[in-house]
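Subject: Structure for you to look at

Hi,

Here is the structure I promised to pass on.

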Amino acid sequence: MSLQEAPLQVEAPTVVADANIKDLLSTMQRNADKFAGAVGGPLMVGTLTPQRNAMTLAAKDIHSSYVGIYRQVFSQGFAKAWRGGSITCVAAVPQFTAIGPVFLYCDHKFNSPAIGMLGAAVFESMFTFSAQRRNAQIQYNATVPVAQQVPHQSFYRVAGAGFTPHVLRNLFAQMGIRLFAPYSYQVVSVLPGTRSMNEQSKLLASDLTSSVVASTLSMPFNHVFSWAACTPELDKMSYLQRATAMSSWLVNNYRQQGIRLLGRDLAVRISYTAALYTGYRSVERFMVDLSKGAN
């Protein structure tokens with residue numbers, strides 16, 4: 001009798017463990033949409049670190065061309081172009097949790113995409129302002145003499161000069177995939193040659209198109225944030241003085257340099273933001289579909 005019962009005593013824990021693993025995987029699949037930010041955010045933010053560093057340099061360099069900016073980013077080697085990326089990858093988890101689940105919650109709660117985007121933008125800035133400002137300072141310091149380098153942002157300081165432009169940048173940047181995409185999808189669907197495209201390709205094209213528009217709208221705010229991150233003198237000013245200094249800097253830059261500088265800065269911004277949100281939306285859509293498949 002004992003010889004017959006021995007196999008059952010060995011197999012029972014294995015069966016229970018297998019059942020627990022299956023339950024865990026099933027639960028994770030049902031809630032996959034809630035993990036979209038934790039998966040898609042760091043993936044896209046980390047990959048696009050050189051583009052983000054290019055935006056920082058563009059804010060402090062009004063003379064270099066688009067190619068010249070990227071030449072500076074890669075001037076110390078291919079790997080160095082990802083300088084500061086690890087900090088922002090960590091911050092990308094709450095950042096894209098805001099862009100994804102927080103937006104969806106606020107939108108559902110208040111039945112208003114505008115409130116959803118505003119809530120997501122503020123939440124995003126609270127968790128990413130410090131890391132992104134520090135990333136900007138690390139990249140800027142790598143391109144200037146020691147005497148011109150700026151101190152690094154403290155990880156524990158969640159606000160400061162440039163916080164308001166940071167929130168506004170986030171608000172406008174997410175408009176592409178949250179507000180404009182349904183309309184751009186209608187346009188893409190009737191364009192010549194799109195009949196041969198599958199549904200996923202049309203969605204990708206509409207996300208990219210709408211994100212280009214959102215990138216354009218968010219560019220001035222991101223530019224001001226990048227400049228403020230590397231201009232420590234602003235920290236000693238009052239809120240009104242900061243607002244005046246930021247506005248004057250932005251207006252005077254484009255008044256002096258004209259359309260050439262504006263075109264370069266738009267290209268730098270679109271290179272990062274359009275790819276970031278289009279890539280994230282693809283991951284988010286996959287995770288949502290995965291969650292629906294389990295329910």
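**Salt bridges**

Aspartate 207 and arginine 285 form a salt bridge, with their closest N and O atoms 2.8 Å apart (a salt bridge means a side-chain nitrogen of Lys or Arg within 4 Å of a carboxyl oxygen of Asp or Glu). Aspartate 207 sits in helix 9 and arginine 285 in helix 11, so this pair ties together parts that are 78 residues apart in sequence. (Helices are DSSP runs of H or I with at least four residues, numbered from the N terminus.) Aspartate 207 is buried at 2% relative accessibility, and arginine 285 is buried too, at 12%. Here, buried means under 20% relative accessible area, exposed means over 50%, and partly exposed is in between, using a 1.4 Å probe and protein chains only.

Before you go on, two notes on the source: this is a predicted model, where local features need pLDDT of at least 70 and side-chain atom pairs count only at pLDDT 80 or more, while totals for chains, interfaces and linings use all residues. Residues are numbered from 1 along each chain as its sequence is written, and side-chain values use heavy atoms, leaving out hydrogens and water.

A search of the whole structure turns up 6 salt bridges. Another one of them pairs arginine 178 with glutamate 284, at 3.0 Å from N to O. That pair links distant parts of the chain, with arginine 178 in helix 8 (residues 175-190) and glutamate 284 in helix 11 (residues 259-294), 106 residues apart. Arginine 178 is buried at 12%, and glutamate 284 is buried at 4%.

Then there's arginine 157 with aspartate 235, at 3.4 Å from N to O.

**The largest pocket**

The largest pocket holds about 290 Å³ of space. (A pocket is an open set of points on a 1 Å grid over the protein atoms alone, where a 1.4 Å probe fits, with protein on both sides within 12 Å along at least five of seven lines; lining residues have an atom within 4 Å of a point. The volume is the space filled by probe spheres set on the points, which are joined across faces, edges and corners.) Of its 17 lining residues, those closest to the centre are Gly162, Thr164, Pro165, Ala243 and Met246. Helix 10 gives the largest share of the lining, 6 residues.

Note on methods
Helices (H or I, at least four residues) and strands (E, at least two) are DSSP runs, numbered from the N terminus.
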